[in-house]
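Let's take a quick tour of a protein model. Have the sequence and the 3D view ready as you read.

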Amino acid sequence: MNFDDFKMMNNADGSFNKVLVEPAELCVVLSYLKNNAEFAFDRLNTIIAVDLGVEVGKFELIYDLHSIETGKTARISVIIDRNSPHIPSVVEIFKSAYFDECEIYDMFGIVFDKNSDLKRLLMPQSWIGYPLRKDYVQNDERLAWND
Amino acid sequence: MNVIISSIDFIYNWARSNSIWPMTFATSCCGIEMMQTSAANFDIARFGSEVFRATPRQADLLICAGTITHKMAPALLKLYQQMPEPKYVIAMGACTCGGGMFTDSYSVVNGIDKIIPVDIYLPMCPPKPEALLDSLIKLQKQIRKETILDRQKYIAGHISALKLDENEDLLIEDSGIIVQSWGLTGDLNEGLDKDLSGGPAYEF
Amino acid sequence: MMKGWLGMTNQSSTKMKINIGPQHPSTHGVLRLVLELDGEIIKSCEPVIGYLHRGMEKMAENRTYLQYLPTVDRIDYLGGFFDAYAFCDAVENLAQIELTKRTKYIRILTMEMNRLSSHLLWLGTFLLDMGATSPLFYTFRDREEILSLFEELTGQRMMYNYYTFGGVRHDVSNIWLRKVAEFVKKMPKKIKDYENIITDNPIFVTRTKDIGVISKHAALQYSITGPNLRASGINVDYRKQNPYLVYDKLDFEVPTAENGDSFDRYALRIAEMRECLKIISQCVAWLKVNPEEVISSVKQPMLKVPEGEFISNVEAPRGVCSCYVKSDGTGRPYRVKWRTGSYYAVQILPKLLENSIYPDLMAIFGSLDVILPEVDR
């Protein structure tokens, strides 16, 4: 893994650069970026999930890291398959990822391995379907009274 | 005889309409305007709503301020059923009147009159405190037109056509239930001379 | 002997599960807390959110950029200008739209007045939840003045819909600026009045000192931002670190505190209110003498944004508000994601409540300044 790619990421000039990472190397990369004194990205701002479409057949996850001392930001991008979306969880590195991952599971159906307590966060527990996917259609007959 | 009833009516309704105590049911942005109405500039206490009760057992007005989602709907129905008769509902804000700007969202109930009966609809997003006070005055006028001869009808209450599902967090349709609503909704001129003793006002 | 009477020794009492339901007299919104109590000690707490999830992010995919802009005000209704600015900033960066300097000053002026009104409401409701009812009326009276100023400018008291892509809807007049200057002149005395009745109050101090301490390590692990982070001793403010608009030309300070308890969070927000007044008076002085064009030259309903993605960060009253916009070249956004500050404050709440007593719940929760529509979106 060549960490020199990260040196060119800087949000000061307004550009948006992201570095593509394999799902298996994700935890290694994030913990290196957090502990290294030169980068020092110690705050996970958010995790963003994007549905790239049914034809493309992939999900993209963007990890937005901020640094407290230097003020720089970094974006790590991971692409996973749509039909069986699994990705390792980063809860052990950043505790704030727990709510993010539960919400992404709720909205997209992406399963985070090693996250022991993955559950629906924003929708009711009996909801059927993953709302933010591009092919989501709400045809729940039980809720027909709302039409 | 009618003179006695109408004078008792007058005093009974005057006492009730001048001291309506609302319940705090603030979900969303309209809740802030409701709090501004109870603050110093637009004082709601001068209209009789001296205190906002926190529990439904002690309140007689439910000002539903804010968007109602599918997850919140069972709580709203339960709170309405816990209020003692006679009770009234003001649907405050565009979201409660008919969904507002969120009609095409997957998780918003398009208007609370699908769940509970509503007396006054108050559109605007959010309504100014003067508008909320205007709707309160309209409700007071509506109360003054009631009569104690029809009291039994108000006690009969509202049976909803919705029930909780097995996980107890979604409201789904309950087939075979007829909704009974005793003419509490409708326009101001309707009511006293209409014969409501025959049966339910409409079938669901 | 007295200890054994009434069984007040170390007998294990039965644990009780209490539900602080979605409807409650507290003013933060529909949050449900499932508490497990052992007597008065909170053993565990689980927040249940989602009672106000309106699907803001999915709605963006169905609307054009201009149609989505009024919806954005409703995400954090107490700070509507901040979310509108985050969305406008992301779209302006994607579409390469430039702003004039007067537009930037107007945006800063409205945002700082909005921050002031948000902190005033927080102060009133924080003390109302702790039991003191009179500060609510004083702060709401001051907030009414700000709201009537906004109503004169934009036509709306709370959801303003004032920013457009590349400018604002109409210019501010010198008459309005004079009213703002008069308001700013009488505010410092009122903030001093609030401090007189609250800060030295022994009941308030006992209830909030050393309660709900967020350590520096925990604040970074749980991604806490905004005044909650600065109260723990870490001096990070996006207005100073990555200045946007013209914040680098304005003269203001960023207050910090040391301990990270509820009292520090309260004192920090009072200090922030004073800094807001400084920024507002500087903006008013600049705007009076520099006329310029503020109406955007971009055709708003037909705005087609080129392909790309962008994340914009704004220092909102509750933390950092980030907006991610991904565009695929058409007139509708492909994906919009909101990151708000209160979401992570709710996540750290169970950790702060471990082994504290039940009356501390409101002292901690109120000082975190959580607004539920921001959490649920």
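Here is a short briefing on chain A and on some helices of chain C. Keep in mind that this is a predicted model.

**Chain A at a glance**
- You'll find two helices and six strands in chain A.
- Following the sequence, their order is β-α-β-β-β-β-α-β.
- Chain A has 147 residues, and 33% of them are buried.
- Of the chain A contacts with a separation of 6 or more, 53% link residues 24 or more positions apart.

**Helix α2 of chain C: one side tucked in**
- Helix α2(C) spans residues 65–72, and its buried residues are Tyr65(C), Tyr68(C), Leu69(C), Thr71(C) and Val72(C).
- These residues sit on the same side of α2(C), because they cover an arc of only 165 degrees around the axis.
- The general rule is handy here: an α-helix has 3.6 residues a turn, so residues three or four places apart point the same way.
- Among the elements covering that buried set are α1 (56–60), α3 (80–95) and β8 (333–339) of chain C.

**Two helices of chain C side by side**
- Helix α4(C), residues 101–130, packs against helix α11(C), residues 262–289, at an angle of about 155 degrees, and their axes are 9 Å apart.
- On the α4(C) side, the residues in contact include Leu109(C), Met113(C) and Trp122(C), while the α11(C) side includes Met273(C), Ile280(C) and Leu287(C).
- The residues of this contact split into 15 nonpolar, one polar and five charged.

Notes
Residues numbered from 1 in each chain as written. Chains lettered and ligands numbered in written order. Predicted model: local features only at pLDDT ≥ 70, side-chain atom pairs only at ≥ 80, totals over all residues. Buried ≥ 20, exposed ≤ 12 C-beta atoms within 10 Å, placed from the backbone. Helix = DSSP H or I, 4+ residues; strand = E, 2+ residues; numbered from the N terminus. Arc of directions from axis to C-beta. Contact = placed C-beta atoms within 7 Å. Axes fitted to C-alpha atoms, helices over the stretch in contact; angles between N-to-C directions. Nonpolar A, V, L, I, M, F, W, Y, C, P; charged D, E, K, R; others polar.
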